[in-house]
Amino acid sequence: MSNLKIQGQPLPNMPWEERPADCKNVMWRYSKNPIIPRDLLATSNSIFNSAVVPFKDGYAGVFRCDDTNRRMTLHAGFSKNGIDWKINEETIRFECDIEGVKEWVYGYDPRVCFIDDRYYVTWCNGYHGPTIGVAWTFDFETFHQVENAFLPYNRNGVMFPRKINGNFAMLSRPSDTGHTPFGDIFYSESPDLEFWGRHRHVMSPAPFEVSAWQCMKIGAGSIPIETSEGWLMFYHGVLRSCNGYVYAFGSALLDLEKPWIATHRSGPYLISPQTPYECMGDVPNVCFPCAALHDPETDRVAVYYGCADTVTSLAFGRISEIVAFTKRTSII
């Protein structure tokens with residue numbers, strides 16, 4: 001797709017490894033995966049499902065670090081190359097003066113999105129059940145928490161990197177208190193990060209006979225990438241197999257100005273649990289994308305994904321190839 005236009009800041013030095021000569025897949029794994037081990041911190045049981053963005057002359061991120069009490073905590077981290085990470089031992093302490101909201105219970109599966117002049121963090125926040133917490137930061141040192149976006153129960157809050165119809169925009173997946181055996185992707189808007197509305201349905205799980213890897217539930221993954229063909233969204237899907245849940249991820253294209261309209265959606269997955277670090281861990285058989293770096297000039301994308309709810313890995317691809325794959329294999 002030589003005429004494809006990709007929005008975003010140049011990232012010529014982003015993490016990258018060329019496709020192996022014997023690889024026929026649209027996306028391929030980094031040869032040195034996992035890039036973040038489960039015990040990088042003195043207190044971590046696992047580090048996975050985390051968010052990364054360009055920051056200054058390198059990269060910063062918010063990381064899910066479950067500790068050895070198995071508490072779900074969030075930590076800031078920094079890297080020069082996006083591969084070798086220094087994650088703060090101390091958990092993020094959000095600045096917040098909103099009664100009730102400021103009481104920390106748990107936090108997991110963060111995403112980070114740069115809009116206008118600051119970085120916005122969304123995560124699954126404990127507030128009488130899981131909901132979407134929202135905060136912002138300039139420096140990844142001080143984080144200012146605002147109102148929760150939605151009522152419980154909700155997960156996978158993923159913001160768009162620019163305003164839609166003049167409003168902040170977010171994808172999410174309403175859920176329940178447990179390990180949700182269902183889930184559709186929805187779209188919402190907010191003028192002020194306090195009141196959210198204009199809720200629109202985006203996508204449902206696919207019929208088993210059509211695309212089994214995403215037949216039980218789906219959820220938005222990394223921050224959508226704006227292209228001339230639409231918003232490229234990586235999303236996870238779940239198969240309920242005879243041996244438990246299997247998490248893989250695929251791709252979809254959303255209308256640029258009406259992102260609740262999915263125009264194309266991949267039938268096959270892009271990445272599914274196949275390697276030992278994806279198949280073995282605290283929760284076996286999980287590939288869960290939460291962040292993506294991309295360089296518009298070179299067409300490159302690097303997706304950070306959690307593996308088996310234990311470690312963090314990288315997968316690479318060309319945006320034009322992924323867009324073409326999404327359109328060619330679409331089940332819409």
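Start with the open sheet of 4 strands, ordered E1-E22-E21-E20 and paired in the antiparallel sense. Keep in mind that this is a predicted model.

Select 27-29, strand E1, and 287-295, strand E20. These two strands stand at the edges with a single partner strand each, so one side of each has no neighbour in the sheet. Now look along the sheet. On average, neighbouring strands are turned by 30° against each other, direction ignored.

E22 pairs with E1 in the antiparallel sense over 3 bridges. Zoom in on Met-27: opposite this residue, in E22, stands Gly-317.

Then select residues 319-328, helix H2. H2 lies across E1, E20, E22 and strand E21 (300-307). The helix runs at about 85° to E22.

Now move to the nonpolar cores. Show Leu-171, Met-203 and Met-233. These have the most contacts inside the largest nonpolar core, which has 34 residues. Colour residues 168-174, strand E12: this strand gives the core its largest share, 4 residues.

Centre on Met-203. Which residues is Met-203 in contact with, leaving aside its neighbours within four places in sequence? They are Asp-184, Ile-185, Ile-218, Met-233, Tyr-235, Ala-252, Ala-262 and Arg-265.

Last stop: select Val-26, Ile-225, Ile-319 and Val-323. They are included in a second, separate core of 24 residues. As a general point, nonpolar side chains tend to be buried together in soluble globular proteins.

Methods. Residues are numbered from 1 along each chain as its sequence is written. This is a predicted model: local features need pLDDT of at least 70, side-chain atom pairs count only at pLDDT 80 or more; totals for chains, interfaces and linings use all residues. Side-chain values use heavy atoms; hydrogens and water are left out. Two strands pair if DSSP finds at least two bridges between them. Axes are lines fitted to C-alpha atoms, for helices over the stretch in contact, and angles run from 0 to 180 degrees between N-to-C directions. Contact means heavy atoms within 4.5 Å. A nonpolar core is a set of buried Ala, Val, Leu, Ile, Met, Phe, Trp, Tyr and Cys residues joined through side-chain atoms within 4.5 Å. Buried means under 20% relative accessible area, exposed over 50%, partly exposed in between (1.4 Å probe, protein chains only).
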